[in-house]
Amino acid sequence: MPAILTARNVTKTYDAGRSGQVVAVQDLSLDIEEGEFVCLLGASGCGKSTMLSLFAGFIQPTTGEVALRGTPITGIEPRCGVVFQSYALFPWRTVRGNVEFGLKMQGVGRAARRERGQAFIDLVKLTGFEERYPTELSGGMQQRVTLARILAANPAVLLMDEPFAALDAMTRQVMQEELLRIHATSHKTTVFITHSLDEALILSDRIVVMSPRPGRIKAVIPNPLPRPRHVAMQITPEYMALKSSLWQLVEAEMAHHDETSSPQD
Ligand SMILES: Nc1ncnc2c1ncn2[C@@H]1O[C@H](COP(=O)(O)OP(=O)(O)OP(=O)(O)O)[C@@H](O)[C@H]1O
Ligand SMILES: [Mg+2]
């Protein structure tokens with residue numbers, strides 16, 4: 001499988017005012033394959049969002065290179081669809097208006113927009129809510145609108161930064177099931193950030209564990225959990241064993257972080 005998204009020896013340093021410079025990511029290399037679902041896992045502040053922003057082209061590496069299908073990413077990358085934790089919806093547009101917005105920007109005509117928009121509204125199970133406004137929807141529904149809007153634009157890569165973190169546990173599971181279903185049909189290459197081992201295990205093909213400051217790759221773990229997957233798998237002994245071994249790895253890294261943290265951490 002060819003890599004669709006690559007990071008080559010990427011270092012990202014931020015200017016942090018009086019505290020000097022922060023090396024958020026250091027010499028990180030990663031290949032993400034076409035159709036792959038990769039989860040980035042790691043302690044708060046380890047550089048996960050920085051990596052996502054680099055892939056999205058929101059920021060540029062200090063040294064090294066990120067590339068999409070071999071082309072360096074040097075500015076905001078329209079082939080990447082980005083979903084954040086908060087629902088970035090236009091409050092003055094309906095569900096339909098929000099989902100069709102990206103297509104309008106791409107110059108898709110009214111009839112095609114309607115048809116394509118509806119297909120994705122149906123996909124995220126919001127049929128019947130087309131004319132509602134975001135404030136009239138629950139958090140989970142709003143996040144589904146966001147997902148529909150991003151997917152409708154047909155990005156080459158889906159970049160998701162803790163998209164379900166603000167949701168209650170039950171809604172979150174429903175959203176995970178939805179995403180599994182969507183990924184099974186679309187095979188969209190996805191980079192997904194989470195703090196949750198369960199979320200990483202249920203969703204991913206590979207889990208990239210990052211070490212904190214400066215962010216580097218601690219381990220890349222192929223996820224042996226068979227597909228199709230369901231949230232109910234999380235109570236099987238095989239799953240528990242898998243989670244336990246992953247937990248040991250992550251915990252070891254966190255313990256290391258505590259010992260080496262400076263007081264301002
Ligand atoms: N714009 C910025 N200016 C200065 N420092 C920044 C900036 N953005 C991030 N940082 C620093 O870079 C490091 C990595 O931040 P990043 O947001 O990538 O972490 P993260 O892994 O996404 O954390 P979290 O899990 O809390 O979201 C942190 O030390 C953070 O303080
Ligand atoms: Mg983050």
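The stops that follow concern a predicted model.

**Stop 1: the ligand shell.** The shell holds 13 residues, of which Tyr 14, Ala 24, Ser 44, Ser 49 and Thr 50 come nearest. Now colour strand S2 (21-33) and helix H1 (48-56): each supplies at least two residues of this shell. The largest share, three residues, comes from H1. Coloured by residue class, the shell around ligand 1 shows five nonpolar, six polar and two charged residues.

**Stop 2: Asp 27.** Remain on strand S2, where Asp 27 has its place. Inspect the backbone here: phi of Asp 27 is near 50°, a positive value in a residue other than glycine.

**Stop 3: Pro 214.** Next select Pro 214, in the loop between strand S9 (206-211) and strand S10 (216-222). Which residues does Pro 214 contact, leaving aside its neighbours within four places in sequence? They are Val 23, Ala 24, Val 25 and Gln 26. For a distance check, draw a line from Pro 214 to Cys 39: the C-alpha atoms are 19 Å apart in space, and the two residues are 175 apart in sequence.

**Stop 4: helices H3 and H4.** Select residues 110-123 for helix H3 and residues 139-152 for helix H4; the two pack at an angle of about 140°, with their axes 9 Å apart. This angle makes H3 oblique to H4, since only angles over 145 degrees count as roughly antiparallel. The crossing of H3 past H4 is right-handed. Show side chains for Arg 116, Gly 117, Phe 120, Ile 121 and Leu 123 of H3, and for Ala 148, Leu 151 and Ala 152 of H4, which make the contact. These residues divide into six nonpolar, one polar and one charged.

**Stop 5: two further loops.** Move to His 187, in the loop between helix H5 (169-186) and strand S8 (189-194). His 187 has a positive phi of about 50° although it is not a glycine. With 12 other C-beta atoms within 10 Å, His 187 is exposed. Finally, select Pro 228, in the loop between S10 and helix H7 (237-260). The peptide bond leading from Arg 227 to Pro 228 is cis, with omega near 0°.

Key:
Residues are numbered from 1 along each chain as its sequence is written. Chains are lettered from A and ligands numbered from 1 in the order in which they are written. This is a predicted model: local features need pLDDT of at least 70, side-chain atom pairs count only at pLDDT 80 or more; totals for chains, interfaces and linings use all residues. A residue is near a molecule or strand if its C-beta atom, placed from the backbone, lies within 6 Å of it. Helices (H or I, at least four residues) and strands (E, at least two) are DSSP runs, numbered from the N terminus. Ala, Val, Leu, Ile, Met, Phe, Trp, Tyr, Cys and Pro count as nonpolar, Asp, Glu, Lys and Arg as charged, and the others, Gly among them, as polar. Two residues are in contact if their C-beta atoms, placed from the backbone, lie within 7 Å. Axes are lines fitted to C-alpha atoms, for helices over the stretch in contact, and angles run from 0 to 180 degrees between N-to-C directions. Angles under 35 degrees count as roughly parallel, over 145 as roughly antiparallel, 65 to 115 as roughly perpendicular and the rest as oblique. A crossing is left-handed if the near helix is turned anticlockwise from the far one by less than a right angle, and right-handed if clockwise. A residue is buried if 20 or more other C-beta atoms lie within 10 Å of its own, exposed if 12 or fewer, and partly exposed in between; C-beta atoms are placed from the backbone.
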